[in-house]
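Subject: Structure for your attention

Dear colleague,

Please find the structure below, together with its sequence.

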Amino acid sequence: MNWTWISQNTDLIGSALGEHLLLALLPVLASIVLSIPIGFLVFHTRSAANVILAIFGAIYSIPSLALFVVLPLALGTKILDPLNVAVALTIYTTALLSRSVVDGLREVPADVKQAADAIGYGPGRRFWGVDLPLSLPVIFAGLRVATVSNIALTSISVLIGTPSLGTLFDQGFNQGFLTPVWVGLILSLVVALLADLVILLIQRGALPWARRAA
Amino acid sequence: MIRADQQAPGPGRLGNAGWEWALIEFKSVTKTYRDGTTAVHDLSLVIPSDKITVIVGPSGCGKTTTLRMINRMLEPTSGQITWDRNPLRNIRKTQLRREMGYVIQSGGLFPHRTVLENIQTVPHLLGWKKDRSQGRAEELLAMVGLESRLANRYPSQLSGGQQQRVGVARALAADPRVLLMDEPFSAVDPVVRADLHEQFLEIQRQVGKTIVMITHDIDEAIKLGDQIAIMRVGGVLAQVGSPQQLLEEPVDDFVAGFVGKDRGYRGLSFTSASGLPLGSVQLVRDAASARTDAPVLVVDENANPLGWADRTRPGQVQMLGTTFEPDTDTMRMALDSALNSPVGLAVAVAQNGRFAGVVTASQILDQVRHLKASVADAIAARAEADAARVEAEAARKEAESVRQEASRIAADADAEADEAARIEAAIKAAEEKEEQARSAEQAAAAKEAATTPAPTPTVEPEQEWTWDPAAEPKVGRTDAGDAETGDPRPGDSTAGDSNAGDAESHYR
């Protein structure tokens, strides 16, 4: 570990970290917004839901490189546009999170849904007031996995020239110099752990009932 | 509101008055599911207002389907259901459901909401102000017998019985006129259930809702129902009537069997074992020291029973079987304990586990016989109470009609008094007038008397004028004469001659 290099390159490390966070977390926020309606719709297809979820699983297994090649064609963006990475990560995260939403909705106890109907909830109010809140423990679990995996995945952006902590790996490999690689690795890990912790704390704060029940 | 044809604002809260119209009526309702099974077949049933109707039957008899058609969770395949004569189809589902409280087995509480929030669900849906619904929720919490310290707990932190109470409170929150209950007490243990039953009846005495409850437990139905509808598999109504009617005049073997089935034995689960006479038995610490043929109970140093001394193998301990706590356990557990004891004695223990006494199966059965008699008594008492209530109602009505009659008579009397007063006033007025007339007459007479000398000037001057025709015009035009002459009145006899002289001079 070359501490001098680190102290001389704080700007580079800082900007790589900033880009990385932005690139990793924006898709998470976007997919939270996307996966709730998608999950809702998929859940309500009933018998088709499992087929659709299998397709989502397949999407997650598309190699990222392939996506980076296809997306500029589909979106009309330039090949080096950071938007390509953001969109690709959003697709992965949404595929993952939609599944959690569906699983969460499946977890809502039937008697609670029945009680909600029986005392006069309309479908919309029931979804926002009962079904979704009760799915949140499962959704949060999915969110933690999706966020952590997104933070790990973001490094790959460097392959298409979008800066992130991956930039440090690239530099280290090119120069046969391990310090940037270590820095990138450790920062990536720390960011992932911190993000996980933050989500966990939000979950605890937002779902006191789930904590006490446990 | 939603019932356009509703005729009175406070619908039938006073019993019989509302019986005829504020009710739910099934008219030849059939429900067939898509898979072809008929859950309810040609059901015609009147659910009276402000009473508890219990629908009871074996599983698969369509009782749940029946209940769910009342708040349109399910729609009938044919036939019609009306509420206050208004077809349910005309009422919006969410609105209908908010006007009918719903209690389901084990509460169906929202796990993510606190007790207080759960109770406020329907007021919240109806858009009540925060402090109104909060106040109402606190009131209901007390009504169902829950301490206010539970208000901010989550359902998972409550016992089954407490959850059930919250479920009832939630159903009552917006003061619905109808309460639908889907096996509300079946998820709690028998002792708690008996408690809930008592409290439920007490609440009903206070709020007087139209309640439809379903259960598979005929004892519960008999205990709680004002009206019981027994359904048989295939969704056919077997019989409907009061508990006594069903017990005394079952229409067929099915009803007789259903009402009678296991009644005695299951009834034990509703009864506390606390009334049993506890006997004593020899206690030893060491099984080897048991020397008699009588049963000897081996206990530990805390007097907790360990087992029975084995008579055939000295020093050995035979299994104890189950024990029971007289204060908290039911008669059924006591009987179990006696039946599975190797010496035929049920062992009663105190709460701390110490030996409290023994009782034989036959003593328990004696108690049961006594109990059965008291159940019959209770039914009779209930019938009596009902009769007394009816009588009281009749008396109240009679009192009311007497009161009305009295007030009518009073009104008549008032009217008569008025009339009399009016006549009196008229008489008085007439008398006064007469009096006036009389006094006027008198005054006139007096005046007449006083002016008797005066006629001389009025008459005599005439005579005078007659005598002196020249002055005659002056008689008719006294004033003119006065004005013209400034002279004293013509009646002034003193001027008589001079007047005549003036007049004469005038006309000249």
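**Helix 6 of chain B**

Helices (H or I, at least four residues) and strands (E, at least two) are DSSP runs, numbered from the N terminus. This is a predicted model, in which local features need pLDDT of at least 70 and side-chain atom pairs count only at pLDDT 80 or more, while totals for chains, interfaces and linings use all residues. Residues are numbered from 1 along each chain as its sequence is written, and chains are lettered from A and ligands numbered from 1 in the order in which they are written.

Which residues of helix 6 of chain B are buried? They are Ser133(B), Arg136(B), Ala137(B), Leu140(B) and Leu141(B). These residues lie on the same side of helix 6 of chain B, because they cover an arc of only 140° around the axis; the arc is that of the directions from the helix axis to the C-beta atoms. On the other side of helix 6 of chain B, Asp131(B), Arg132(B) and Ala142(B) are exposed. A residue is buried if 20 or more other C-beta atoms lie within 10 Å of its own, exposed if 12 or fewer, and partly exposed in between, with C-beta atoms placed from the backbone. The buried residues of helix 6 pack against helix 4 (115-119), helix 5 and helix 7 (160-172) of chain B. Just after helix 6 of chain B, Gly145(B) takes a positive phi of about 80°.

**Strands of chain B**

Chain B has 18 helices and 17 strands, and 33% of its 508 residues count as buried. Four of the strands form an open antiparallel sheet in the order 2-1-4-5. Two strands pair if DSSP finds at least two bridges between them. Strand 2 (38-47) and strand 5 (86-87) of chain B are the edge strands, each pairing on one side only. Strand 4 (residues 78-83) of chain B pairs with strand 5 of chain B in the antiparallel sense over two bridges, and Thr82(B) stands opposite Pro87(B).

Strand 16 (residues 345-349) and strand 17 (residues 355-360) of chain B are also antiparallel, paired over five bridges. In this pair, Val347(B) stands opposite Val358(B). Their hairpin has five residues between the strands, and there Gly353(B) takes a positive phi near 90°.

Chain A has ten helices and zero strands, and 38% of its 214 residues are buried. The unreviewed UniProt entry places a "transmembrane region" at residues 20-43, 50-73, 134-161 and 181-202 of chain A; such annotations may be inferred rather than shown by experiment, and their positions are given in the numbering used here, with feature names shortened. In the model, residues 20-43 of chain A are 100% helix, with end C-alpha atoms 33 Å apart. Residues 50-73 of chain A are 88% helix, with end C-alpha atoms 30 Å apart.

Between the chains, 18 residues of chain B are in contact with 16 residues of chain A, contact being C-beta atoms, placed from the backbone, within 7 Å. Helix 3 (93-98), strand 6 (100-104) and helix 5 (121-125) of chain B each give two or more residues to this side of chain B.

How values were computed: Contact = placed C-beta atoms within 7 Å.
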